[in-house]
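Please look over the two chains below.

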Amino acid sequence: MFDNFVVPDFLPAAPEIFLAVMAMSILMIDLLVKDSRRTVTFALSILTLLGCAVIQLMTSSGEIIYTFSNMFVDDLMSDLLKLFLYMTVIVVLFYSRGYINDRPEMNKGEYYVLTLFATLGMMVMISANHFVSLYIGLELLSLSLYVMVAMNRDSVTSTEAAMKYFVLGALASGLLLYGMSMIYGATGSLEITAIAERLYGGGVNNTVLVFGLVFLVAGLAFKLGVVPFHMWIPDVYHGAPTSVTLLISTAPKLAAFAIVMRLLVNGLITMSADWQNMLIILSVLSMAIGNLAAIAQTNLKRMLAYSAISHMGFMLLGIVTGVVSGDARYALNAYSSAMFYVIAYVLMSLGTFGMILLMARAGFEADNIDDFKGLNKRSPWFAAIMMMLMFSMAGVPFFIGFFAKFSVLQAVVAAGYTWLALVAVLFSLIGAFYYLRVVKVMYFDAPEDETPIMAGTDMRWLISANGLAVAFLGLFPQVIMSLCAYALLRSL
Amino acid sequence: MSTYPLLSFAIWIPIFAGLAVLAVGSDRNAPLARMLALFGAVAGFLVTIPLWTGFDVANGGMQFVEMKTWIPRFNINYHLGVDGISMLFVILNAFITIIVIAAGWEVIKEKVAQYNAAFLIMSGLMNGIFTSLDGVLFYVFFEASLIPMYLIIGVWGGPNRVYAAFKFFLYTLFGSLLFLLALLYLFINSGGSFSILDWHKLPIELAPQIWLFLAFLIAFAVKVPMWPVHTWLPDAHVEAPTGGSIVLAAIALKLGAYGFLRFSLPIAPDASHELSGLVIALSLIAVVYIGFVALVQADMKKLVAYSSIAHMGFVTLGFFMFSALAIEGALVQMISHGFISGAMFFCIGVMYDRLHSRQIADYGGVVNTMPKFAALFMLFSMANAGLPATSGFVGEFMVILAAVKFNFWIAFAAATSLILGAAYSLWMYKRVVFGEIANSHVAELTDINKREFAILGVLAFCTLWMGLYPQPFTEVMHASVNELLNHVNISKIQ
């Protein structure tokens with residue numbers, strides 16, 4: 001019965017296995033921990049993620065290794081994305097700690113365990129080479145997040161956000177699965193690399209394939225949160241507890257980028273002409289709707305939600321311009337610029353939501369733009385950090401956001417889509433307005449609330465480091481840029 | 001030639017001084033912040049002096065060049081250098097920074113450290129713009145300099161400061177984003193180089209040249225500002241604090257004009273010739289029409305702001321007649337305008353600090369209570385009108401002279417500015433300074449103190465020096481302007 005059973009190579013998946021074991025152990029250990037001693041759970045979670053990073057670094061070979069019957073792939077792109085993922089989640093946990101300590105209903109061990117399971121889901125997504133493993137990772141992430149959004153049980157907005165997220169998320173998963181089944185029907189395989197080979201060989205029913213592709217792109221667009229599949233983003237960002245918004249707005253973007261790369265570039269590159277045109281429409285619409293709608297917001301979380309939509313639209317430009325009429329010369333340049341964009345965005349988004357958490361205290365969410373009024377009077381240092389983050393988001397140098405936009409734009413111009421670059425810069429001009437408004441509120445207006453900022457020391461140091469990183473990486477973006485380019489060169 | 005990286009010093013000393021001021025000077029320790037800022041500004045000025053003394057006037061190329069790899073992924077270099085066109089602006093900028101710090105000495109009482117730091121950082125960034133020889137480096141400085149100015153207008157400005165700050169930022173950002181696309185286009189088409197000097201030699205067909213030229217034009221015309229995209233300037237000037245107005249008029253406006261010389265003319269020479277008529281027409285509209293607009297202003301700052309636009313019209317007019325005399329005249333006009341407009345805004349600031357009004361109607365008979373001030377203000381109003389023996393005359397005269405050779409009617413239209421300039425400057429001066437003491441507030445005015453006298457005295461010296469003996473200023477320009485004309489007069493179409 002076990003004649004055909006081959007023991008898979010576990011080593012490439014060692015971080016995932018370690019994280020899964022640790023997450024389940026923490027779930028058990030937490031039963032013995034009192035609410036007042038939640039620091040134990042917190043410390044264990046951080047150590048687990050650090051352990052993952054160490055294992056990742058130790059097991060990384062730089063080669064493309066398939067395992068578990070080609071369902072799982074370990075390459076440099078996944079290594080790099082996962083390392084950023086661990087870093088992001090560690091920062092998220094540090095930022096969240098003060099916030100959930102002030103809110104007893106959220107200060108549960110499940111908060112940490114669910115975060116770890118969501119991380120595991122993202123890791124599986126990043127390394128997926130098979131529709132099934134990809135879907136499992138995605139659902140593990142989504143289900144963990146649905147629960148976390150609803151964790152603040154007494155809040156009507158949180159519950160509503162969780163419902164919306166769940167219903168629309170399930171719909172999107174359905175779309176994705178439907179698209180996958182069509183592609184399976186056309187190619188006879190669920191394995192991404194095998195699909196690519198089958199398509200390369202030709203003789204595949206194109207109608208079924210394109211039909212499937214449309215659903216696949218729609219599903220991906222939902223997960224990325226680009227127009228017209230963006231409806232959930234503002235409500236979920238707004239309704240979720242800020243610490244959960246912080247998680248949703250950062251780490252999953254890395255995973256979403258990875259599955260876009262896996263599905264569209266690794267799997268369906270021969271159909272690039274079809275999906276690129278779809279992505280152009282999604283991208284332009286996202287930049288338009290995201291930037292225009294953000295102007296009207298008074299809630300900072302909601303504004304940042306629309307800004308996230310526009311940023312994801314901008315990032316897609318890098319994916320769109322990889323292959324120009326069958327010529328893949330620019331592919332590496334374009335995809336690595338998109339990857340750099342995602343990483344830069346995650347760093348900035350960490351900082352901005354971190355600032356909201358810094359300002360928040362028990363019974364006060366600090367999520368309205370007006371809550372930042374006169375911050376320069378209350379704390380010039382944190383006002384400066386927030387200002388740097390806002391200018392970085394707007395794409396003003398010397399901050400990392402500028403080089404993120406710069407690298408994507410140069411890919412767009414290099415591919416000959418000058419009109420697309422023009423559209424992108426015009427919408428960034430509109431986008432600059434609402435970021436400037438936050439700076440205006442902090443610097444030009446008088447404070448209404450003189451309460452001192454009560455965040456802990458670790459939070460203060462970490463958010464300062466985060467803000468300075470945005471400035472420092474804006475001065476020296478080379479390292480991350482070339483890391484992205486190198487990782488993709490060895491992975492594509 | 002010096003072995004020290006003088007240009008890096010000129011950029012980073014003010015910036016680090018600004019950061020130091022932020023670090024040590026809280027609001028409780030304002031005197032320390034002021035002293036440190038002044039020290040930083042003076043140090044920043046001193047390191048620029050060797051640029052002039054060590055300048056090789058026979059060399060039309062780049063001097064004091066610094067070159068380091070910055071972002072090899074896109075072949076972006078930290079590439080600095082000055083030629084006869086940019087060198088004087090670096091020094092002017094460092095000089096004006098001292099003036100600005102001194103101008104805010106007793107006046108700014110709130111957030112002193114942040115105020116001084118913003119100006120120092122701004123000064124360093126603007127030196128970066130004048131010295132960058134790499135397209136991205138230029139762009140990065142160009143756009144980053146918007147941030148301190150946005151804060152200066154918004155935090156320390158007048159009642160309508162929020163509107164003015166947003167208008168300033170978004171207007172200039174609009175221009176610079178198109179400029180960024182032009183840079184990327186050049187990067188792709190030059191085979192992956194961001195070096196401005198490489199782009200000067202890059203052959204480009206006429207159609208793309210025209211697109212590039214238009215992108216540059218929008219970016220720089222907003223910054224200059226040229227009619228019809230000038231409307232942000234009066235708002236920004238009126239709302240900005242005195243120091244902000246001085247920097248804006250004396251240096252920030254020069255950035256756009258400098259961009260024409262560094263980018264538009266040498267990179268798109270054929271398009272420049274093709275479209276010179278358009279730029280000349282816009283410049284003449286600025287000179288004549290904006291001159292009339294200045295005449296009817298009731299607010300002194302607005303009047304000087306409009307006169308700046310008219311004077312900058314002279315500058316762009318000079319550039320697009322493609323002769324050495326015209327371009328040098330325009331450059332002289334730029335530097336002279338730096339001194340004069342800075343002094344004019346400072347004079348208005350002096351009065352505003354005492355009376356808290358900029359309306360001409362609120363003044364009258366100031367000479368009776370402030371005689372020393374009235375004398376110096378007289379000099380600058382005359383210089384603003386282009387009186388011979390002041391620097392204002394030299395540049396305008398050179399441009400008009402070149403215009404006569406180019407086309408009589410253009411010269412005729414440009415020369416009306418001498419009349420208009422005299423009209424609006426002197427009429428304002430008459431209404432504000434002469435006559436009977438208009439009201440009890442004017443009667444209580446105190447004359448300028450030593451600090452104010454020193455600032456105006458230094459500016460008066462510069463204005464007269466440049467008016468009587470412009471030779472040291474023009475001699476450094478010759479070789480570089482000829483080099484520039486070589487690029488402009490050779491077609492790039494192959």
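1. B:His356 lies in the loop between α16 (324–355) and α17 (366–369) of chain B; helices here are DSSP runs of H or I with at least four residues, strands are runs of E with at least two, and both are numbered from the N terminus. Its phi is near 55 degrees, a positive value in a residue other than glycine. B:His356 counts as exposed, because it has 9 C-beta neighbours inside 10 Å. The cut-offs, applied to C-beta atoms placed from the backbone, are 20 or more others within 10 Å for buried, 12 or fewer for exposed, and partly exposed in between.

2. On the basis of the model: it is predicted, local features need pLDDT of at least 70, side-chain atom pairs count only at pLDDT 80 or more, and totals for chains, interfaces and linings use all residues. Residues are numbered from 1 along each chain as its sequence is written, while chains are lettered from A and ligands numbered from 1 in the order in which they are written.

3. A positive phi also occurs in chain A, at A:Ala366, where the value is near 55 degrees and the residue is not glycine. A:Ala366 sits in the loop between α14 (331–359) and α15 (375–378) of chain A.

4. Two cis peptide bonds deserve a look. In chain A, the bond from A:Pro397 to A:Phe398 is cis, with omega near -5 degrees; A:Phe398 belongs to the loop between α16 (380–394) and α17 (400–414) of chain A. In chain B, a cis bond joins B:Trp227 and B:Pro228, with omega about 5 degrees. B:Pro228 is in the loop between α10 (206–223) and α11 (232–239) of chain B.

5. Chain B has 23 helices and two strands. The C-alpha atoms of chain B fill a box of roughly 70 × 55 × 40 Å along the principal axes. Buried residues make up 62% of the 494. Of its contacts (C-beta atoms, placed from the backbone, within 7 Å) between residues at least 6 apart in sequence, 80% join residues at least 24 apart.

6. Chain A comes to 20 helices and two strands. Its radius of gyration is 22 Å, close to the 23 Å given by the globule rule for 492 residues, so chain A is as compact as a globular protein of that length. Its C-alpha atoms fill a box of roughly 70 × 60 × 40 Å, again along the principal axes. Of the 492 residues, 59% count as buried. Contacts with a separation of 6 or more are 79% between residues 24 or more positions apart.

7. How many residues of chain B are in contact with chain A? The count is 25, facing 24 residues of chain A. On the chain B side, the elements giving two or more residues are α6 (135–144), α7 (146–156) and α8 (161–189) of chain B. The largest share, 14 residues, comes from α8(B). By type, this side of chain B divides into 21 nonpolar, one polar and three charged residues. Here Ala, Val, Leu, Ile, Met, Phe, Trp, Tyr, Cys and Pro count as nonpolar, Asp, Glu, Lys and Arg as charged, and the others, Gly among them, as polar.

How values were computed. Two residues are in contact if their C-beta atoms, placed from the backbone, lie within 7 Å. The radius of gyration is taken over C-alpha atoms; the globule rule is 2.2 Å times the number of residues to the power 0.38.
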